[in-house]
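Here are some notes to read alongside the model. Please keep the sequence and the 3D view open while going through the points.

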Amino acid sequence: MRRVVVTGLGMVSPLGGDVETTWKNILASKSGAATIARFDASEYKCRIACEVKPADHEYGYDPGLDVDHKIQRQVDPFIVYGISAASQALRDAGLDNMSEEERLRAGCSIGSGIGGLPGIESESLVLANKGPGRVSPHFVHGRLINLISGQVSIKYGLMGPNHAVVTACSTGAHSIGDAARMIAMDDADVMLAGGAESAICPIGIAGFAQARALSTAFNDQPEKASRPYDVNRDGFVMGEGAGVVVLEEYEHARKRGAHIYAEVIGYGLSGDAYHVTAPHPEGNGGYRSMEMALRKSGLSLADIDYVNAHGTSTPLGDELELGAVKRLFGDNISTMSMSSTKSAIGHLLGGAGAVESIFCILALRDQIVPPTLNLDEPSESCAGVDLVPHVAKERKVRAVLNNSFGFGGTNASLIMKAI
Amino acid sequence: MSETADRVKKIVVEHLGVEAEKVTEDASFIDDLGADSLDIVELVMAFEEEFGVEIPDDAAEKIATVKDAIDYIDSKQ
């Protein structure tokens, strides 16, 4: 099987418009949460989110750097974030100017969990208030999930596989895993892979709040709301943004002297076959997904030093994932660290698995693991597990595991290691 | 320059993201300003909103340049 390595990273997050700014803020224990600025949420059960900040903010995002004005107007923000992250990743890999021959073997697998919800909401209001003749001609292709991959392929002339995963909050991890397999199976030499989301709009916040998924007890202290594993956690905080990595066949990367961040060595996926929103009561789906990734990686549990958990800060989900991780790791639990960066940037839904995989890669690069913020009073089951409370921790990091679980009972796990 | 021309040009600049100097009356939306057929549908909608006129599809198909748009709108006001 052909080996697959990571040679480029790109990101838009609530803590930065690029990878390094976000990582610096994550390691400094900053939170991207605040009162929702985009619309008046004062009458909503949940009034907070981790929004991507405007360009003039200390760690804001400037869409104009990589996305032309016309496209910004025509498409939903998740697509704009995705194009930015993909552009950054290609430049980082030194592949933003490939020959036609190379571009025939380069593709995209950038998905989203929900897609263009803000635009669906606003154009529905146009339809209701002004009639069908006022609906934007860009409505459909400005909201479709595969249009990040579409737009990026057009911008950079990438003629290889053009794909988009839609598996709710597992999207980003599945995208990377599936794309890695496309390279391993010789469908392509280079793949841009990741996920993006922007669903912080009235119907998005209302919908997730009605599903009892969002935190509602910390509206007056937004930075305290995302608190995975803490006894007072009460739901997730919605985030937004995008993460994209450049995956490349190992020999292809080596021949051109590319900087190699990590190798993707294990990918596991499973279905809970249990409930649309609640995880399996014994965490069996997550367990099987991690177990499959481990088996594929050829590593032993003792080799895995860091787990970036799904850890959304929901009462049920955190507990079940922790139980599954403890069951899998057994005695090896005492030597690994596990944290949830959702405590800092919220839950990026379809972007989560990609952004968090990038944090895993940076943990490998910098030999430091990011913290779980607000873990003031760990729940009882946390005993014996290093959940990296409050502050980042320097330690040996040889291999990393990222978990992402989604509505519908869909699970993905990725294992990467330094090369 | 007429008031209609000013308002038309402003809409074109905003919607197509082009520099104002390029939006001359002779400029073709597709050949000179980088628009595609869907951009023209959107521009026509924006003209209808701005000027309170209705531009039927057969008339919209004949609007190829900035001047075509200005003339059509002036003829309906």
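1. Start with a definition: a residue is called buried under 20% relative accessible area, exposed over 50%, and partly exposed in between. Glu14(B), at 42% relative accessibility, therefore counts as partly exposed. Keep in mind throughout that this is a predicted model.

2. Glu14(B) has a partner in the other chain. Its side chain meets that of Arg73(A) in a salt bridge, with 3.8 Å from N to O. Glu14(B) lies in helix H1 of chain B and Arg73(A) in helix H2 (residues 69–74) of chain A, so this pair joins two chains. Arg73(A) is also partly exposed, at 28% relative accessibility.

3. Another salt bridge to look at is between the side chains of Lys130(A) and Glu49(B), at 3.4 Å from N to O. Here too the pair joins two chains, because Lys130(A) sits in helix H5 (residues 117–130) of chain A and Glu49(B) in helix H2 of chain B. The relative accessible area of Glu49(B) is 43%, which makes this residue partly exposed.

4. Why do such pairs form? Side chains of opposite charge can pair when their charged atoms come close. Over all chains, the count comes to 32 salt bridges.

5. Within chain A, Asp189(A) and Arg2(A) form a salt bridge through their side chains, with 2.8 Å from N to O. This pair links distant parts of the chain, 187 residues apart. Asp189(A) is in the loop between helix H7 (171–184) and strand E6 (190–197), while Arg2(A) is in the segment before strand E1 (4–12). Is Asp189(A) buried or exposed? Asp189(A) is buried, with a relative accessible area of 14%, whereas Arg2(A) is partly exposed at 23%.

6. The next point concerns a network. Arg2(A), Arg105(A), Asp186(A) and Asp189(A) are joined into one network by salt bridges that share partners.

7. Now turn to the annotations on chain B. An unreviewed UniProt entry places the feature "domain: Carrier" at residues 2–77 of chain B. Over these residues the chain is 57% helix and 0% strand, and the end C-alpha atoms are 13 Å apart.

8. Which residue of chain B carries a modified-residue annotation? According to an unreviewed UniProt entry, "modified residue: O-(pantetheine 4'-phosphoryl)serine" covers Ser37(B). Ser37(B) is found in helix H2 (residues 37–51) of chain B. With a relative accessible area of 53%, Ser37(B) is exposed.

9. Chain B also has a negative surface patch, formed by Glu25(B), Asp26(B), Asp31(B) and Asp32(B). One of these, Asp31(B), is in the loop between helix H1 (3–16) and H2 of chain B. Asp31(B) counts as exposed, at 66% relative accessibility.

10. Ala273(A) has a phi near 50°, a positive value in a residue other than glycine. Ala273(A) is placed in the loop between strand E8 (262–271) and helix H11 (284–297) of chain A, and is exposed, with a relative accessible area of 80%.

11. Gln367(A) also has a positive phi, near 55°, and is a residue other than glycine. Gln367(A) is in the loop between helix H14 (352–366) and strand E11 (368–369) of chain A. Its relative accessible area is 31%, so Gln367(A) is partly exposed.

Technical notes
Residues are numbered from 1 along each chain as its sequence is written. Chains are lettered from A and ligands numbered from 1 in the order in which they are written. This is a predicted model: local features need pLDDT of at least 70, side-chain atom pairs count only at pLDDT 80 or more; totals for chains, interfaces and linings use all residues. Side-chain values use heavy atoms; hydrogens and water are left out. UniProt positions are given in the numbering used here, feature names are shortened, and annotations may be inferred rather than shown by experiment. Helices (H or I, at least four residues) and strands (E, at least two) are DSSP runs, numbered from the N terminus. Buried means under 20% relative accessible area, exposed over 50%, partly exposed in between (1.4 Å probe, protein chains only). Patches are made of residues with over 30% relative accessible area and no salt bridge: like charges are joined within 9 Å, nonpolar side chains (Val, Leu, Ile, Met, Phe, Trp, Tyr) within 5 Å. Accessible areas come from the Shrake-Rupley method with a 1.4 Å probe; for residues, only the protein chains shown count as cover. A salt bridge is a side-chain nitrogen of Lys or Arg within 4 Å of a carboxyl oxygen of Asp or Glu. Lys and Arg count as positive and Asp and Glu as negative; His and the chain ends are not counted. The place of a charge is taken as NZ of Lys, CZ of Arg, CG of Asp or CD of Glu.
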